[in-house]
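Q: I have a model open and want to learn how to read it. Where do we begin?

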Amino acid sequence: MLRRLVSRRTLAAVGGATALTAAGGYYYLNSGPSYPPSTKETRRPPPPRTPPSREQMLNALKASGTNPDVEFDLLIVGGGATGAGVAVDAASGGLRVALVERDNFSSGAYLVQTKLVHGGVRYLQKAVMELDYEQYKLVREALHECKIFLQTAPYLSAMLPIMLPIYKYVHSSALEEYPELTLSQILASAILLGWLQNVRHPVGKENMESSYLMSKGKALKAFPMLKQEGLVRALVYYDGQHNDSRMNMALIMTAVQQGAVVANHVEVTSLDKNGIAGKIQGAWVWDALTGQEWSIRAKGVVNATGPFSDALLSMDNPNHTPIVQPSSGTHITLPNYYSPRTMGLLNPATSDGRVIFFLPWQGNAIAGTTDMPAEVTATPLPQEEEIRWILEEVRRYLSPDIKVRRGDVLSAWSGLRPLVRNPNAASTEGLVRNHMIHVSDSGLLTIAGGKWTTYRAMAEETVDKAIEVFGLQDRVKRGCVTEQLRLVGSDGWSRNMFIGLVQRVCSLRPGALRKC
């Protein structure tokens, strides 16, 4: 009997299990984000710099229309996430860049979103269960870009744990046939996502925390508002969260820092074409603040207007077939007692099969989103039925003693998702999964679709295409540097910076330390 217990096979199995456990423990302890050490050099703020005034910017734009020597390499139309990202990439590469935005920066209809830098748990679910390699590539790209978000704009982005409650049953009319299978798919995808966030590959681990399971008791301690009935345990995974409007402004300011000329409230009224070849050589613009109109000359024009892409494409070709198929997403803001301040919630099985997030945001909680067909408009408005649908879904996951009231809604907003069709694809093909770059016969380069998470990769691809199409190879001074380029506001920032600021303010007020 003893010989059987200490046989070579048994010893090998025990030794292998021990080694595997030790390796797993070592991996777990060494997983997660690695923050660079704070030194005196990294804490030193950058030298003060005053950007050019709006008048100086407008004068530079006007000069290009009259002086061929100051012609721009690229004119970017649209100052949202995509347009600003393209401007940063092009200007940091040495190109002479102009950017105009019809409204104010960060006011676009597509900017009001869930504030998440998605790692792609839903994409991964499709990749695993449908063996779709393209979806898997989207996940890897999203994770890589999420890591870059955390590194290049650390003061505007951070990791957010998101809880996925596991119940004995799933309330979902859309998933009645196989609710357990669908939920298990999402759980498996979230666990695999956590592994991918820390797996090593040529660019290193993706600087994110690993997923982990929580018992029912720990889940209720972390999220006391959660409904207890039927709760078995919970899975926590990590996504990135960022301030989208401030991120947009940081990109604009970084583009200016790199030499780009930008102006808001400047609208393109028509495209300037060469009379012989019919190629675009710039655009006529109108300044809504001064009422002036002038032309901007550029070797290439980039259409980065998001949901409004068809407007510029129609200027280029009146017979253009629309490519944008917008959908609206509504979010609501609720008081902070609806959610913990450091953890979000994902409901993967709503009453109609959609996904809803419930997230802490600047002292309150936001919930959303919906997905409804919409018309392209500059100011999309949330519909009452969408607000009530979100409240009903929130009510289903919270404790019964919490009264979810319509009067608790502090604000509501709606944004547009610029889903697009590729004009070069067959009519039977559906919407593009990520983004699309299209060059018209006259030379208008359009970048459409995509999402905040992958704005940088989209910009890099767009600039590479622009260099090729517009013959700017001799104008480029360096390759793409946006993976390492820290945005304005990041230099000198550290996670403990607020402590020094508080102490400095208190030291300037003698006798006020106790108040601080």
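**Reading the features**

A: Begin with a strand pair. This is a predicted model. Strands β17 (residues 435-439) and β18 (residues 444-449) pair in the antiparallel sense, over five bridges.

Q: Which residue in β18 is the bridge partner of M436?

A: A448 is the bridge partner of M436.

Q: What does G443 do in the hairpin of β17 and β18?

A: Four residues sit between the strands, and G443 takes a positive phi near 105 degrees. Look for another glycine just after helix α13: G471 has a positive phi of about 65 degrees.

Q: How many residues does α13 have, and how far does it reach?

A: Compare the span with the expected one. Helix α13 (residues 455-469) has 15 residues. From first C-alpha to last it reaches 21 Å, close to the 21 Å expected at 1.5 Å a residue.

Q: Which residues of α13 are buried?

A: Buried means under 20% relative accessible area. In α13 the buried residues include Y455, R456, M458, V463 and I467.

Q: How many disulfides does a search of the whole structure find?

A: The search finds zero.

Q: Which residues make the nonpolar surface patch of about 270 Å²?

A: F498, I499 and V502 make that patch. F498 lies in helix α14 (residues 497-507).

Q: Why does F498 count as exposed?

A: Exposed means over 50% relative accessible area. F498 has 52%, so it counts as exposed.

Definitions and conventions:
Residues numbered from 1 in each chain as written. Predicted model: local features only at pLDDT ≥ 70, side-chain atom pairs only at ≥ 80, totals over all residues. Heavy atoms only, no water. Disulfide = S-S within 2.5 Å. Patch = residues over 30% accessible without salt bridge, like charges linked within 9 Å, V, L, I, M, F, W, Y side chains within 5 Å. Areas by Shrake-Rupley, 256 points an atom, 1.4 Å probe, with all protein chains shown as cover. Salt bridge = Lys/Arg side-chain N within 4 Å of Asp/Glu carboxyl O. Helix = DSSP H or I, 4+ residues; strand = E, 2+ residues; numbered from the N terminus. Buried < 20%, exposed > 50% of the residue type's maximum accessible area, 1.4 Å probe, protein only. Pairing = 2+ DSSP bridges. Expected span 1.5 Å × (residues − 1).
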